[in-house]
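Hi,

Here is the structure I said I would pass on. Have a look at it first, and my notes follow below.

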Amino acid sequence: WLNAEVLKTDHYDIIFTPDAFCEFFSCFSSIFSGKGAMEKTNPFAEKIGEQVASSKLTIKDVPKYKDAFSKYYFDSEGFNRSELTLIENGVLNSFYHNSSTASYFGLSSTGHGARGAKSALGVSGTTKVFSGGELSLGDITSHEYFEIHSLQGLHSGSNAISGDFSFAASGYFCLDGKRVRPIKGVTVSGNFHKMLFSLDLIGKEIIPTNDHEFFAPLMRFENISVAGV
């Protein structure tokens with residue numbers, strides 16, 4: 001990116017690389033926190049059973065996923081871990097629960113209790129797996145789009161409750177799947193919750209991050225604000 005350019009300020013379709021998408025999605029992972037729901041800091045606290053995303057989106061927590069580098073058999077409380085559907089066809093299905101949060105909601109622990117040597121009991125997920133769509137790579141990468149490889153300032157520029165975000169990004173301006181020119185020095189902004197609903201194009205192939213802890217198809221988000229020159 002030594003000779004990278006700046007995009008003209010406009011709205012663009014964007015596609016994250018797997019690792020960039022993992023970083024972006026993880027910034028808002030509190031939407032699955034049973035502890036956050038109990039403490040009223042989870043923006044989805046009252047939305048179990050409601051549509052929170054595109055009907056094309058299904059997300060599961062799979063602690064023993066076959067292609068993951070790590071397998072998770074028990075949580076910090078000794079509960080057996082098993083597959084948990086978080087969002088199914090766009091509907092919020094479950095939060096991560098430990099024994100305390102599960103008791104509060106009159107449920108059973110989902111096996112996602114987390115506790116450090118000096119920390120209070122919390123919740124934590126394992127391997128996230130997104131279901132694939134029906135589109136080929138050529139369908140996902142047709143026409144013009146901005147491929148994001150690197151995000152800077154994501155956590156300082158994001159609000160996990162409102163879903164608003166603003167971060168600096170680097171990547172490539174692409175046309176029909178081919179990288180036309182490298183891009184840096186642009187600011188991408190929007191709202192995470194609205195993006196979940198606007199998601200329309202989802203690829204067939206499930207792609208892992210480099211650490212094989214997060215598995216998702218390529219997803220194309222339409223009409224995202226990118227500020228450049």
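Let me start on the inside: the residues that line the largest cavity are F16, T17, P18, F21, I207, F214, A216, P217, L218, M219 and F221. A cavity here is a set of points on a 1 Å grid over the protein atoms alone where a 1.4 Å probe fits but cannot get out, and a residue counts as lining if it has an atom within 4 Å of a point. The elements α1, β13 and β14 each give two or more residues to this lining. Helices (H or I, at least four residues) and strands (E, at least two) are DSSP runs, numbered from the N terminus. The volume of the largest cavity is about 80 Å³, where a volume is the space filled by probe spheres set on the points, with grid points joined across faces, edges and corners. The count of cavities of 30 Å³ or more is 1. By class, its lining has 10 nonpolar residues, 1 polar and no charged; Ala, Val, Leu, Ile, Met, Phe, Trp, Tyr, Cys and Pro count as nonpolar, Asp, Glu, Lys and Arg as charged, and the others, Gly among them, as polar.

Before you go further, please keep in mind that this is a predicted model, in which local features need pLDDT of at least 70 and side-chain atom pairs count only at pLDDT 80 or more, while totals for chains, interfaces and linings use all residues. Residues are numbered from 1 along each chain as its sequence is written, and side-chain values use heavy atoms, with hydrogens and water left out.

Now the open side. The largest pocket (an open set of grid points with protein on both sides within 12 Å along at least five of seven lines) has a volume of about 290 Å³. It is lined by 15 residues, and S29, Y96, G125, T126 and K128 are the closest to its centre. Helix α1 (residues 18-26) gives the largest share of that lining, with 3 residues. The lining has 6 nonpolar, 7 polar and 2 charged residues.

Contact means heavy atoms within 4.5 Å, and the angle, on a scale from 0 to 180 degrees, is between N-to-C directions of axes fitted to C-alpha atoms, for helices over the stretch in contact.

Strand β3 (residues 84-88) is antiparallel to β4, with 2 bridges between them, and I87 has L92 in β4 as its bridge partner. T85 also lies in β3. Is T85 buried or exposed? At 19% relative accessibility, it counts as buried; the cut-offs are under 20% relative accessible area for buried and over 50% for exposed, with partly exposed in between (1.4 Å probe, protein chains only). Leaving aside residues up to four places away in sequence, T85 touches I59, K60, N93 and S94.

Then there is strand β1 (residues 10-16), which is mostly covered, with 5 of its 7 residues buried. It pairs with β14 (residues 219-227) in the antiparallel sense over 5 bridges, and I14 has F221 as its partner in β14.

Two residues other than glycine have backbone angles worth a glance.

- H143, in the loop between α4 (137-140) and β8, has a positive phi of about 65° and is exposed at 57% relative accessibility.
- N223, in strand β14, has a positive phi near 60° and is exposed at 53%.

Last, the start of the chain. W1 lies in the segment before β1 and is partly exposed, with a relative accessible area of 40%. Not counting residues up to four places away in sequence, W1 touches H149, S150, S170, G171, Y172, P182, I183 and K184.

Cheers

Definitions and conventions: Two strands pair if DSSP finds at least two bridges between them.
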